[in-house]
Amino acid sequence: MEQFFLSWGWFLSIPLSLTFLLWELQFPGKHLNYIAEFSKEFLPIILRLAFTFISVQLVMYAAAPILSSVKEVVGLSGIFSTPIWLRIVIGVVLADFIYYILHWQMHYNSKILWRLHRYHHSLNEMWVFSGYRVSFLSLIIFQILYSSLTVLDIPRQVSVIFVFSSVTHHLNIKLYSWMKFLDWIVVTPPYHALHHSNRPELRGKNLGGLFTFFDRIFGTYIDPDTICLEKEELGLGGDKTSTVRMMIGI
Ligand SMILES: [Zn+2]
Ligand SMILES: [Zn+2]
């Protein structure tokens, strides 16, 4: 069952995304030509499904023995005797913190890591399926990150939280002012849309993956309400074609 979940669990994002698509069509944040957008994203969607499947298999067979050795060492600390809910909270916050550090490195410190990430920034419109653009190599890194939750004896199924948030980040939905409080806790579509601006000074901000507090702590936070997102051009600017190298992440 665990094996089946690992291999196919991510495919749950398709019905989830289709449900959100209905919401978008009903209450869009920005009017888009969805037929044109879908034809643009068809290949990235297929690639994402294939890349996810392959990266899960690779991580499952290559990293699993290393992770189980680490788990034995971690177990010596006695942490497994703490309640499971506490380990889930610690594990999710820790995984999100590591994601934040990695994302920061991708934008500020490492040309190699930026190559892994730039395909994701090649999207030009925010809508539920545009966030499926993730390069093969960065998926491998994310799979290792989410698998590492198991060293705290946390069920791998907890990574569904990250799948859910990666889908909701890119939604093109109308958010009402009373929903603003969400920004204080989790990444919302406007919060993440600012990060997709083609202006480098904005692209390096709002790096959070699940929670927003790491941006506030480390000074990479910009309140999305201070920027007119409708006027922002998204993407990488210049040539808009995605190359095979970008898709792989090299
Ligand atoms: Zn980024
Ligand atoms: Zn994104």
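Trainee: What share of the 250 residues counts as buried?
Mentor: Of the protein's 250 residues, 34% are buried, meaning that 20 or more other C-beta atoms, placed from the backbone, lie within 10 Å of the residue's own. This is a predicted model, where local features need pLDDT of at least 70 and side-chain atom pairs pLDDT 80 or more, while totals for chains, interfaces and linings use all residues. Residues are numbered from 1 along each chain as its sequence is written.

Trainee: How many helices and strands are there?
Mentor: The protein has twelve helices and zero strands; these are DSSP runs, H or I of at least four residues for helices and E of at least two for strands, numbered from the N terminus.

Trainee: And what is the radius of gyration?
Mentor: Taken over C-alpha atoms, the radius of gyration is 18 Å, close to the 18 Å from the globule rule for 250 residues, so the protein is as compact as a globular protein of that length. That rule is 2.2 Å times the number of residues to the power 0.38.

Trainee: Changing topic, at what angle do α2 and α8 pack?
Mentor: Helix α2 (residues 13-26) and helix α8 (residues 160-168) pack at about 35°, their axes 10 Å apart. Axes are lines fitted to C-alpha atoms over the stretch in contact, and angles run from 0 to 180 degrees between N-to-C directions.

Trainee: Which residues meet there?
Mentor: S13, L16, S17 and F20 of α2 meet V163, F164 and V167 of α8, with contact requiring C-beta atoms, placed from the backbone, within 7 Å.

Key. Chains lettered and ligands numbered in written order. Contact = placed C-beta atoms within 7 Å. Buried ≥ 20, exposed ≤ 12 C-beta atoms within 10 Å, placed from the backbone.
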